[in-house]
Amino acid sequence: MQYTGKMSIQADHKSRTTHTWQVLAIYMALAASLSEQQALKQTCPSCDATQLCNCSSMGLEFIPPGLTAKITGLNLAHNRIKHIQSQDLKQAVNLRTLLLQSNKISSIDEDSFQSLEKLELLDLSNNSLAHLSPVWFGHLFSLQHLHLQGNSYRDLGQSPPFSRLRNLSSLHLGNPQFSVIRQGNFEGIEFLHKLWIDGSNLSQYEQGSLKSIKQINHMIINLRNSNIFSEIVRDLVYSVTWLEVAEIELPVEKKSLVQNSRRPFRLQKLTFKEALFTDQTISRTIVSLKKITSLKELQAINCVLEGKGNWNTAEIARSGQSFVETITIIKAVIQNFHLFFDLKGMESQINKLKRLTITSSYVFMVPCELARNFSSLLYLDFHENLLANNRLNETICEGSWPSLQTLNLSQNSLKSLELTAVYISRLPKLINLDISQNTFLEIPGECTWPEHLKYLNLSSTHIPKVTRCIPQSLEVLDVSGNNLKEFGLQLLSLKELYLTRNQLKMLPGAARIPNLVSLSVRRNKLNSFSKEEFESFRRMELLDASDNNFICSCEFLSFIHHKAGLAQVLVGWPDRYVCDSPLAVRGAQVGAVRLSLMECHRSLVVSLICVLVFLVVLLLVAVSYKYHVVWYLRMTWAWLQAKRKPKRAPPKDVCYDAFVSYSENDSEWVENTMVRELEQACPPFRLCLHKRDFVPGKWIVDNIIDSIEKSRKTLFVLSEHFVRSEWCKYELDFSHFRLFDENNDAAILILLEPIQSKAIPKRFCKLRKIMNTKTYLEWPAGEQQQQVFWENLKGVLKP
């Protein structure tokens with residue numbers, strides 16, 4: 001039993017030790033992982049919390065550690081990486097894009113890409129790889145794009161390097177040292193969308209090397225060896241749709257480019273770039289290419305022709321009809337173009353041609369006889385050449401280009417629009433015409449054009465205006481870049497109008513172009529357009545009014561914000577519609593600007609303010625009338641005036657014994673009774689009456705104040721009429737402020753008739769108090785009592 005327990009304890013201890021070591025191992029692994037992730041973050045900060053990791057141009061000499069399964073894109077281009085190790089990319093199992101171009105990579109461990117089964121794009125171009133290993137690509141089952149050009153390998157190796165890349169779509173190969181293509185190099189590849197080979201120094205090509213690829217949509221090859229060119233073409237005519245050959249100096253080919261085979265031709269387009277032709281080679285090439293019956297299009301770009309056009313036209317004619325329908329020649333250089341023949345004898349080779357483009361090639365004329373043989377030509381482009389009006393008469397002679405529908409004569413040397421129209425009217429089926437970027441300067445009032453002309457481009461031709469020279473049959477018209485200030489032409493069939501880069505200040509009138517569907521007035525002097533202008537174009541689907549200096553007025557903004565579906569009609573909305581004024585919103589997008597109520601409805605706001613002010617004033621007048629505010633203001637002003645004067649006038653300025661304040665309704669008693677009694681007394685008293693003693697022309701308020709100031713006493717003849725008199729109130733109130741405030745007896749109250757207490761205005765609180773606390777003289781009814789009244793009054797008035 002003791003032995004068994006001891007064994008159990010040992011086993012338990014061993015188990016605990018093992019668990020401890022496991023935890024420690026996990027901890028160390030996590031710590032290492034965190035350390036690597038921290039190192040990645042420091043080496044390449046853009047990798048932080050993102051699936052795309054851009055570490056380009058950072059001077060890295062190795063692939064940074066810490067790459068995880070979260071990363072789907074890794075850009076390590078333009079660094080100094082020399083070697084890719086097995087462990088560098090092992091954890092990046094979800095990587096789909098790996099860019100390693102423009103490094104110094106010279107070696108790659110065989111299993112470096114083994115974990116990248118989801119990789120779709122691998123770019124190893126412009127490095128120092130001296131050889132290619134099939135093992136590198138053995139596990140890249142999802143790879144679609146592989147770039148290997150610009151390295152230093154001389155061949156693709158003895159084993160097929162791409163045999164496991166079943167999903168490959170584009171392949172870029174070659175370099176200046178690349179010299180050999182062997183059979184089996186492309187084994188395993190059945191379809192390529194694009195194959196690009198830099199074979200500028202290719203010296204050996206084993207026949208059939210490219211035949212293993214069943215279909216290539218587009219192949220580009222730089223090739224200087226003319227003999228290899230023929231061998232490659234023989235292999236590719238059955239698999240390539242578009243073949244592009246650069247830097248070739250074409251050979252004088254004796255052997256046919258077509259082998260005896262039942263396979264259908266696939267080659268449809270052949271492009272030569274920077275190639276060199278001679279009279280001999282071009283003749284043999286034309287003959288050889290005729291046998292490729294699928295070939296429909298030929299291109300020559302930046303090519304040089306050493307010769308005079310002395311082609312073997314007899315041999316070309318004997319070789320049969322050409323199947324080519326489209327020929328494009330761009331920037332061709334004919335070193336002795338002034339000695340070039342007129343290509344007489346080539347007539348039979350061009351009558352099936354449908355599209356011809358010769359641009360930037362110094363063409364100044366096409367002989368009339370040759371032009372008449374382009375019987376099937378539908379499209380002719382002579383852009384950027386030397387065609388002038390005097391040579392255009394020969395180029396477009398009667399009977400020439402009989403089927404032509406589209407003609408481009410832009411950027412030539414045409415000067416007369418009238419003559420140009422006359423010559424072009426010889427093309428009965430012409431529909432589309434581009435004569436832009438010629439310098440016409442003038443436009444006649446009437447012109448002759450082809451009857452069915454639908455499209456006309458007169459942009460940048462310096463015409464000062466538009467006239468009836470513009471054909472009425474047009475559906476599309478472009479007069480951009482002519483500094484036009486208005487467009488008032490009537491074109492009932494017009495559907496598209498381009499007026500870009502002119503000086504228009506408003507949209508053209510819709511009544512003259514009622515069927516317009518698309519209008520461009522970009523970069524004009526347009527300030528705005530109204531709802532009425534916009535809606536007058538009933539069929540408008542597209543309007544490009546961008547890059548104008550818009551005045552963001554309230555009307556314009558209201559239309560912009562409330563017009564339904566406007567955003568779908570305006571081209572470039574909202575980014576290219578910017579306010580120029582008002583200054584506060586300059587530079588802001590039109591759609592984002594919101595003006596205030598005051599800015600948008602100024603007259604309405606002003607009217608409302610005026611009405612409000614009027615109502616306030618009316619209310620103040622009503623309140624003032626009800627609560628006697630005017631009276632209070634007058635009294636305040638009078639009090640302030642009185643305060644600035646001495647409290648008592650100097651004795652020499654006192655002229656009257658008393659100033660009499662009375663109502664006009666009591667004037668008979670005052671003037672006929674009181675004045676006679678007091679002024680005829682012995683000694684007489686001198687009274688101041690407003691009717692008699694006020695200074696004429698002087699303000700009545702000043703008269704009242706001065707009269708009270710110049711009188712020793714103030715007599716107030718109180719009655720019902722008195723308390724209702726405005727001026728009596730004023731006189732009493734001034735005495736209230738001036739005299740009662742001095743606590744003297746200068747004011748004498750005479751009660752002419754009994755007054756009800758409630759009849760005295762409440763604002764005369766001191767008058768109420770005086771009448772309640774001090775005696776006053778009351779005019780009696782009996783004569784005996786009246787005598788006593790006069791004696792008492794005279795006693796009060798005595799100095």
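A disulfide here is a pair of cysteine sulfur atoms within 2.5 Å, and this structure holds 4 of them.

Hi everyone, a quick word on what we are looking at. This is a predicted model, where local features need pLDDT of at least 70 and side-chain atom pairs count only at pLDDT 80 or more, while totals for chains, interfaces and linings use all residues. Residues are numbered from 1 along each chain as its sequence is written, and side-chain values use heavy atoms, with hydrogens and water left out.

Let's begin with C44 and C55. Their sulfur atoms sit 1.9 Å apart, and with -105° about the S-S bond the link is left-handed. C44 is in the loop between α1 (2-43) and β1 (52-54), and C55 in the loop between β1 and β2 (73-75), so the pair ties together parts that are 11 residues apart in sequence. Helices (H or I, at least four residues) and strands (E, at least two) are DSSP runs, numbered from the N terminus. Are C44 and C55 buried or exposed? Both are buried, meaning under 20% relative accessible area, with exposed over 50% and partly exposed in between (1.4 Å probe, protein chains only).

Next come C447 and C469, joined S to S at 1.9 Å. The torsion about their S-S bond is about -90°, so this disulfide is left-handed. Both of these cysteines, C447 and C469, are buried.

Then there is C552 with C579, whose sulfur atoms are 1.8 Å apart. C552 lies in the loop between β29 (550-551) and α10 (554-562) and C579 in strand β30 (residues 579-581), so parts 27 residues apart in sequence are tied together. C552 and C579 are buried too.

For contrast, look at two other cysteines. C610 is partly exposed at 47% relative accessible area, and C682 counts as exposed at 82%.

Now, the largest pocket. A pocket is an open set of points on a 1 Å grid over the protein atoms alone, where a 1.4 Å probe fits, with protein on both sides within 12 Å along at least five of seven lines; lining residues have an atom within 4 Å of a point. Its volume, the space filled by probe spheres set on the points, is about 1,400 Å³. Of the 48 lining residues, W311, I329, F340, L343 and I358 are the closest to the centre. Which element gives the most to this lining? That is α3, with 4 residues. The lining divides into 39 nonpolar, 7 polar and 2 charged residues, where Ala, Val, Leu, Ile, Met, Phe, Trp, Tyr, Cys and Pro count as nonpolar, Asp, Glu, Lys and Arg as charged, and the others, Gly among them, as polar.
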